[in-house]
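Please read this briefing alongside the sequence and the model shown below. The points are grouped by topic.

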Amino acid sequence: MSVRPNARPGGQKPPFWRDRAKRALIFQLLLVAAVAAFLLYIVGNTQANLEARGITTGFGFLSNTAGFGIVQTLVDYSSQSSYARTFLVGLLNTLLVGGLGVLAATIIGFTVGIARLSPNWLLARLANGYIEIFRNIPLLLQIFFWYFAVLRTLPSARDSLAFGEAVFLNVRGLYLPEPLFESGFGIIPATFLVAIIASIVLVVWNKRRQDATGKRLPAGWISLLLIFGLPLLALVATGVPVTWDMPALSGFNFRGGITIIPEFLALWLALSIYTASFIAEIVRSGIQAISHGQTEAAQALSLPRKLVLRLVIIPQALRVIIPPLTSQYLNLIKNSSLATAIGYPDLVSVFAGTTLNQTGQAIEVIAMTMAVYLTISLVVSMFMNWFNARVALVER
Amino acid sequence: MLNKKHWVLLASAGSLALTGMTTAQADTLEDTRSNGAVQCGVSDGLPGFSSPDDQGNWQGLDVDVCRAVAAAVLGDSEAVDYISLNAVERFTALQSGEVDVLSRNTTWTTTRDTTLGLNFTGVSFYDGIGFMINRDLGVGSAKELDGAAICVQSGTTTELNVADYFRANDMQFDPIVFDTSEQTVGGYQAGRCDVLTSDTSQLAALRIQLDNPKGSMILPEIISKEPLGPVVRQGDDTWFNIVKWSLFAMINAEEYGLNSANVDDMLSSEDPNIARILGQGDNYGEAMGLEADWAYNIIKQVGNYGESFDRNVGMDSPLEIERGVNALWTEGGIQYAPPIR
């Protein structure tokens, strides 16, 4: 509502405290000022207290030498690297377990969620059992279960479980051969790229052709063949320019190849399986939210059952699924900070743990760590909101 | 998700933000008297240094420092509130005032003494880092550890010193880092790592907790200096002096032959050194705000340094650590306290 003073019969402006809009503005300004004053007081008081106690402050410590080792690093790192580098190493380790966790949880979650609705009695019961078991046990206990009860009971390095003298599993982790690319390997990713572009062109052309003539090719299968077949063909044609660095027992441990540490495996398994049980329920509820009339209407148009699911049910279900799915992704990433309980070197463990303790700068380190999780979560939210807007019902 | 450790850190950081300016110049002695107990930070369970016994009473060499301070300040060595802290929590807890003395096998280093706003008051135990390894591996020296996986507790100087040692000797290692010493032992026993590393005194304590202590051995190399001692906040010199001289009183008592059994008889001693320690005549506690019998109370209720050492970590204890460098300077060691006068 608006008040128009000049419309008054007296032609007089009322005093500002009688004007509702101005009053609201004044109260809001007062609130903002109070919050700002409180924050200023907190910051000023913290600084004064830190100074009075002779505690060093500031972010200068980031360029100091860290001096400690980290077991899993995705970028070059040694004990001579700086604390800024440990921050990066921890961040990448967090993103690794978070990213792979989201991927695995999505795949397991969608599979189990759809299986839960299967007309096959056994499959539906199994999916139901999975959901009820893993959703109702605390995540930390599940991490401990995978780490202490499963991976800790594996044999020692010398008695490793070997799979074809190339893959080894023991209490120290999973050892895989590492591919080493020789010259001439560049052609394989190149053909891969060409195949992807060709597939996109094919799909677009196919859609136009279908709109025009009603005829369609099985573009999905052709694309799949292109994307996998073409690079494979190139690989064979160039004489497989790849050698494998095999893990081999030397001294205390396996050397060479790729090592996947048990801390990562335990955390990744627990996060994926736990979050997947929630995603499964979200998927089930999303599909069930679509009224059965939609299926019947689609069938009345004599669409095959596969296409009913793909063209009618799933696009509508996604609108219901995506918002709660976003929360699950955010939960998974934040829950990855439980890594510190089993010693996986994530951001909380190497930065908010060891770095904090070696430098003693709790406020800076904790603030940086919180800012990182906030940033990751906001970026994921933004992406999911964008995706949600794309699949949202377009009202005409 | 945050675990308990991070809540403690957050709460401590928050209390730094919210406490008024006045606490910076707080009178810890006055606070302790009105509170009726010394707020003492100890470990999360390290036999010999600070761990609860089967009745839940804290025992150990580090605990005896807390008790000595309580005896000096309050006249009662039992008037201590023990706060169990892990390696990561300890400094923040002291900085924020959650504890007033940190007596928790903490190594004295430049960084900790300066940038953290803390003061070390002395050395209660001279230690060094060693390696424990399974006998079956047939390793006789730390120089043969190239490529080993090593379990280490996070937030300790050990983490840094081990990295230095391997770098200096041009060897590789995988650091397997856990939050608590319990977890490092678990990792070592499960074979997650080949080697367990820590201060040698801790290794001795951890070794007796193993399922098969005889199956593990401690390698002969000591790769670093680890002087362990009590820590207080900067900015309260009276409290700093009290904690410092409580430990010195225990060491001096041993040097002059005073112990918990004979201290009452010694009250009438003609030796001027003993008379000064026991406050017969001049009151050396006055300038610290203490009664004349401050050192008497320590010796009577806690004992001298040698008694505490033998009872907790020495030959009368399961750890059976030799006095070695921790013997008095008069007996070939380097424990040396400035005179009380």
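**Overview of the predicted model**

Of the 341 residues of chain B, 52% count as buried (20 or more other C-beta atoms within 10 Å of a residue's own; 12 or fewer is exposed, anything in between is partly exposed, and C-beta atoms are placed from the backbone). This is a predicted model, in which local features need pLDDT of at least 70 and side-chain atom pairs count only at pLDDT 80 or more, while totals for chains, interfaces and linings use all residues. Residues are numbered from 1 along each chain as its sequence is written, and chains are lettered from A and ligands numbered from 1 in the order in which they are written.

**Chain B as a whole**

- Chain B holds 13 helices and 14 strands (DSSP runs numbered from the N terminus: H or I of at least four residues for helices, E of at least two for strands).
- The radius of gyration of chain B is 21 Å, close to the 20 Å of the globule rule for 341 residues, so chain B is as compact as a globular protein of that length (taken over C-alpha atoms; the rule is 2.2 Å times the number of residues to the power 0.38).
- Along the principal axes, the C-alpha atoms of chain B fill a box of roughly 65 × 50 × 40 Å.

**The loop around B:Ala292**

- B:Ala292 lies in the loop between α11 (272-277) and α12 (294-301) of chain B.
- With 15 other C-beta atoms within 10 Å, B:Ala292 is partly exposed.
- Beyond its neighbours within four places in sequence, B:Ala292 is in contact with B:Gly279, B:Asn283 and B:Gly285 (C-beta atoms, placed from the backbone, within 7 Å).

**Contact between chains A and B**

- The contact takes 42 residues from chain A and 45 residues from chain B.
- On the side of chain A that touches chain B, the largest share, seven residues, comes from α1(A).
- That side of chain A divides into 18 nonpolar, 19 polar and five charged residues (Ala, Val, Leu, Ile, Met, Phe, Trp, Tyr, Cys and Pro count as nonpolar, Asp, Glu, Lys and Arg as charged, and the others, Gly among them, as polar).

**Helix α6 of chain A**

- The 19 residues of α6(A) (residues 219-237) should span 27 Å at 1.5 Å a residue, and the end C-alpha atoms are 26 Å apart, which agrees (the expected span is 1.5 Å times one less than the number of residues).
- A kink of about 25° lies at A:Gly229, shortly before the proline A:Pro231 (the angle between axes fitted to the seven residues ending there and the seven starting there).
- Just after α6(A), A:Gly239 takes a positive phi of about 80°.

Note on methods. Two residues are in contact if their C-beta atoms, placed from the backbone, lie within 7 Å.
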